[in-house]
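Subject: Structure for you to look at

Hello,

Here is the structure I said I would pass on. My notes on it follow below.

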Amino acid sequence: MSRALQLARRGMYTTQPNPRVGSVLVKDRKIVAQGWHERAGGPHAEIAALLDAGSAARGADCYVTLEPCVHFGRTPPCANALIDAGVARVVAAMTDPNPLVSGRGMQLLAGAGIPAASGLMQAEAAEINRGFVMRMSAGRPFVRCKLALSADEFTSGGDSAGQWITGEAARADVQRLRAESCAVLTGIGTVLADDPRLNVRGGDWGGRQPLRAVLDRKLRFPAVAAMLKLPGRTLIFTRDSDPGRQAELRAAGAEIVRLGGIDIDFVDAALKYLAEKEQVNEVIVEAGTTLANALLSMRRVDELVVYQSRTLLGEQGRLPFHLSAPAGNSGYMKLTDRRAVGQDWRLTFRRATDHH
């Protein structure tokens, strides 16, 4: 199963919106075949392993990081393929959170006389697919918020706006986080202040560009924004109904989604749309303090990644956080990792397990 998890990680940048899955076939205590899901529309991990095995699949044990599917999507069901191949046993790391599958794959295998069980290295498998699990179980993406801080714990602002706080290694690491994500989310304030591109640059990340999403209630987005000149999609969420402005932005290459009604918070409505309509598993928030604080105060941030540099901003900087109801947010985020990235530090905070 550990090898299957290694294989699953090969799809970290390419499988969206599908989960990252790896599989190995074992016979006589030796791995005889292996495979992983490389991209949506391509063979699932089990099928790739079966193709690698050929006739050696008969009588082999199948280890797979996610319960074999039983429904027809872009590809045929994997559980049926395992049955037809004559495998002896199936061990899954975790059951599929997708309600179209969720236990049915294991039941189908057991009904065909193939022993099937799940739970081996379940936590590791769930971590690889934290976004897929979140979308299937909570109806929203896994939200990762990225911030850069100076050594004296300020963000850029005032005279320092638009300047790099961190070094090249930290900025390259951000490209990795973008490549892992289905979407990059920002607010209109950041667009107007910095004109960011929000695309993946450099590195071997599979060539896929994440969806760029902007929260812009009053539709102030400039038609000459840099991101509209780049490959990939730019989605603007708004409450504004001005047909002229919408037409202008659509002509410039943007897609407009008007979130009407007041029964749901604007930010929550955007996250729900990304999950349901765009099948976004993971979103990285690269925005100013206003949106970051709003998401943290609403407890919508599942992971906070802070890059802290050796730079001192002093009076040029601004405080990054002004959370509402700080007592109620006590213990919400826990530091889980701290490591050097070049000459900077990367601190990773995760939602505490007792908060949902």
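Arg135 is buried, yet this residue has no salt bridge. Please keep in mind that the model is predicted. The nearest side chain of opposite charge belongs to Asp96, 8.9 Å away, and a salt bridge would need a side-chain nitrogen of Arg within 4 Å of a carboxyl oxygen. What does the side chain of Arg135 meet in a polar contact? The partner is the side chain of Asn281, at 2.6 Å. Apart from neighbours within four places in sequence, Arg135 is in contact with Pro17, Arg140, Ala275, Gln279, Val280 and Asn281.

Arg135 sits in helix α6, which covers residues 130-138. Nine strands make up an open sheet with mixed pairing, in the order β10-β9-β8-β7-β11-β6-β12-β14-β13. On average, neighbouring strands here are turned by 25 degrees against each other, direction ignored. Helix α6 packs on this sheet and touches β6 (142-149), β11 (282-285) and β14 (344-351). The direction of α6 makes about 130 degrees with that of β6.

Salt bridges

Although Arg135 has none, a search of the whole structure finds 21 salt bridges. I went through three of them.

Asp173 and Arg346 meet through their side chains, with N to O at 2.9 Å. Asp173 is in helix α7 (residues 168-180) and Arg346 is in strand β14, so this pair ties together parts that lie 173 residues apart in sequence. Both Asp173 and Arg346 are buried.

Glu278 forms a salt bridge with Arg233, and their closest N and O atoms are 2.8 Å apart. Glu278 belongs to the loop between α10 (266-276) and β11, while Arg233 belongs to the loop between β8 (211-215) and β9, so the pair links parts 45 residues apart in sequence. Is Arg233 buried or partly exposed? Arg233 is partly exposed, at a relative accessible area of 34%.

Asp302 and Arg351 form a salt bridge as well, the closest N and O atoms being 3.1 Å apart. Asp302 is in the loop between α11 (289-297) and β12 (303-308) and Arg351 is in strand β14, so parts 49 residues apart in sequence are tied together. Asp302 is buried, with a relative accessible area of 3%. Arg351 counts as buried at 16% relative accessibility.

There is also a network. Salt bridges with shared partners join Glu127, Arg130, Arg144, Asp173, Arg176, Glu180, Glu303, Asp337, Arg339, Arg346 and Arg350.

The five-stranded sheet

Five strands form an open sheet, again with mixed pairing, in the order β2-β1-β3-β4-β5. The edge strands are β2 (30-36) and β5 (116-118), each of which pairs on one side only. Neighbouring strands of this sheet are turned by 15 degrees against each other on average, direction ignored. Helix α2 (residues 45-53) packs on the sheet, where α2 touches β1, β2 and β3 (61-64). The directions of α2 and β2 make an angle of about 135 degrees.

Strand β1 (residues 22-27) pairs with β2 in the antiparallel sense over six bridges. β1 also runs antiparallel to β3, to which four bridges join it. Leu25 can be followed in both directions: the bridge partner of Leu25 in β2 is Ala33, and the partner in β3 is Cys62. From there, β3 pairs in the parallel sense with strand β4 (residues 89-92) over four bridges, and the partner of Cys62 in β4 is Val90.

Which way do the side chains of β3 point? Asp61 and Tyr63 point one way and Cys62 and Val64 the other way, and all are buried. In a regular strand, side chains alternate between the two faces of the sheet.

The chain as a whole

The secondary structure comes to 11 helices and 14 strands. Of the 356 residues, 51% count as buried. Among contacts between residues at least 6 apart in sequence, 70% join residues at least 24 apart.

Regards

Notes:
Residues are numbered from 1 along each chain as its sequence is written. This is a predicted model: local features need pLDDT of at least 70, side-chain atom pairs count only at pLDDT 80 or more; totals for chains, interfaces and linings use all residues. Side-chain values use heavy atoms; hydrogens and water are left out. Helices (H or I, at least four residues) and strands (E, at least two) are DSSP runs, numbered from the N terminus. Buried means under 20% relative accessible area, exposed over 50%, partly exposed in between (1.4 Å probe, protein chains only). Lys and Arg count as positive and Asp and Glu as negative; His and the chain ends are not counted. A polar contact is a pair of N or O atoms within 3.5 Å; within protein, one must be able to donate a hydrogen and the other to accept it, and residues adjacent in sequence count only if both atoms are side-chain atoms. Contact means heavy atoms within 4.5 Å. Two strands pair if DSSP finds at least two bridges between them. Axes are lines fitted to C-alpha atoms, for helices over the stretch in contact, and angles run from 0 to 180 degrees between N-to-C directions.
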